[in-house]
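Here is a short tour of the packing inside this protein. Have the sequence and the 3D view at hand as you read.

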Amino acid sequence: MSAQSDLSKIRNIGITAHIDAGKTTTTERILYYTGVSHKIGEVHEGNTTTDYMAQERERGITITSAAVTCDWKDHRINIIDTPGHIDFNIEVNRSLRVLDGAVFIIEGVAGVQPQSETNWRLADRYNVPRIIFINKLDRTGADFYRAFDTLKEKLDIIAIPLQLPIGAEDQFLGVVDLVEMKAIVWEGGELGAKFHDEEIPADLKEKAAEARQNLLDTALAVDEAAMEEYFENGDVSVETLKRCIKKGAISGEFRPVLCGTAFKNKGVQPLLDGIIDYLPAPNDVEGIRCAPPEGEDADENNQPILPVDPDGKFAGLAFKIINDKYGTLTFVRVYRGVLKTGDTVLNTTKGHKERIGRIYQMHADKREELTEVHAGDIAAFVGLKDTQTGDTLSDSSDPVVLERMSFPVPVIDIS
Ligand code: GDP
């Protein structure tokens with residue numbers, strides 16, 4: 001089965017951060033390591049993959065940051081842009097609707113900053129499962145433990161380290177992986193530098209054992225079968241521990257924390273593994289809320305949840321519209337069924353029909369044309385004439401209207 005139609009192999013995620021914490025750099029490294037972008041640029045040169053607008057105007061390719069698709073270990077990761085600036089809270093709000101999980105980046109020197117707090121509360125509102133990445137551990141003044149403490153102090157959460165740093169500042173070498181109890185060390189700071197698994201350094205052994213016990217105590221508490229396994233054997237398998245961490249991350253009972261330095265290329269591959277292991281697939285979460293019936297105010301009882309259903313009739317939500325020189329691209333998150341090129345769908349929000357032209361999935365450096373897109377996935381449609389952000393598209397034989405976003409959102413014009 002292709003990654004596209006196997007729901008368990010899809011991750012729709014956002015990356016959110018206080019400005020300057022390293023969202024662009026981390027995204028760019030992710031695109032590099034997943035193999036879609038080998039022409040990496042540094043932020044200060046103004047040519048990063050995600051810093052796309054000027055570049056794509058020149059090249060005539062839409063490297064849109066609305067949603068970028070990449071592959072990691074047989075999984076498909078759709079990264080949906082969640083703007084970090086406080087002025088863009090409306091945008092953050094909107095994109096949070098369509099993602100199933102998020103990577104929350106804080107930086108190793110300042111820890112949680114005011115804007116991280118705002119974004120955290122917004123993600124809370126939509127129950128978005130999160131893993132946390134403490135970045136910039138190579139910087140002078142960076143301190144994993146202090147940054148970690150700000151998570152508890154400022155966000156009032158149960159944060160739980162899955163890694164401990166090896167070395168600090170310019171001597172930051174890698175991490176102790178507390179799940180598999182091994183050290184991961186990078187050979188240099190260059191892009192593509194190899195990492196290798198090692199024994200946990202002697203001076204960290206005791207600390208690591210303590211941190212692992214803390215991880216077990218917290219994580220296993222969410223799962224009775226895991227607790228039993230623990231009491232019987234005195235430990236649990238890596239698979240069991242990962243399952244518990246994922247369960248806790250999805251329910252929000254605790255928040256797993258990873259660390260590294262995106263800029264110095266340490267920690268990004270384990271972060272990608274973390275996205276696969278701990279953030280939910282589309283069918284691990286409950287689905288999306290429908291709009292209240294016409295004329296009724298929203299309340300808890302009149303907005304049923306539409307679960308992600310690959311076998312139902314098509315339904316999807318338009319979450320971003322971009323005009324480029326090829327025309328209008330409407331980014332849609334599909335919740336139910338399959339949509340094929342040439343299909344006619346009902347815009348249930350507006351009450352008129354639309355015909356789907358070409359369907360694309362956007363990668364960092366190319367657009368891939370698809371013939372169909374399945375529930376759980378994200379794609380850009382060409383040919384929609386009168387669909388706006390927040391509109392529901394649905395098979396006319398089983399129409400649904402998904403909850404509208406509460407703000408009017410402008411179309412981005414980069415033609
Ligand atoms: P964004 O505003 O969150 O997208 O942050 P950027 O990715 O643009 O990073 C802001 C600045 O921090 C840039 O100058 C990056 O080169 C730098 N930066 C990002 N990650 C790291 C890191 O891990 N270590 C160091 N030392 N600098 C970093």
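**Cores and helix packing**

Beyond its neighbours within four places in sequence, L151 is in contact (heavy atoms within 4.5 Å) with I106, V112, I132, D156, I157, A159 and V257. This is a predicted model, in which local features need pLDDT of at least 70, side-chain atom pairs count only at pLDDT 80 or more, and totals for chains, interfaces and linings use all residues. Residues are numbered from 1 along each chain as its sequence is written, and side-chain values use heavy atoms, with hydrogens and water left out.

**Nonpolar cores**
- A nonpolar core is a set of buried Ala, Val, Leu, Ile, Met, Phe, Trp, Tyr and Cys residues joined through side-chain atoms within 4.5 Å; buried means under 20% relative accessible area with a 1.4 Å probe, protein chains only.
- The largest nonpolar core has 72 residues, and V103, I134 and L151 have the most contacts inside it.
- Another core, of 44 residues, lies apart from it and includes V308 and L384.

- A208 is found in helix α6 (residues 205-220); helices are DSSP runs of H or I, at least four residues, numbered from the N terminus.
- A208 counts as buried because its relative accessibility is 0%.
- Leaving aside neighbours within four places in sequence, A208 is in contact with L164, V176, L178, M181 and I200.
- R212, L215, L216, A219 and L220 in α6 meet L241, C244 and I245 in α8.

**Helix α9**
- Helix α9 (residues 268-278) is largely enclosed by the rest of the structure, because 9 of its 11 residues are buried.
- Among the buried residues of α9 are V268, P270 and Y278.

Definitions and conventions:
Buried < 20%, exposed > 50% of the residue type's maximum accessible area, 1.4 Å probe, protein only. Helix = DSSP H or I, 4+ residues; strand = E, 2+ residues; numbered from the N terminus.
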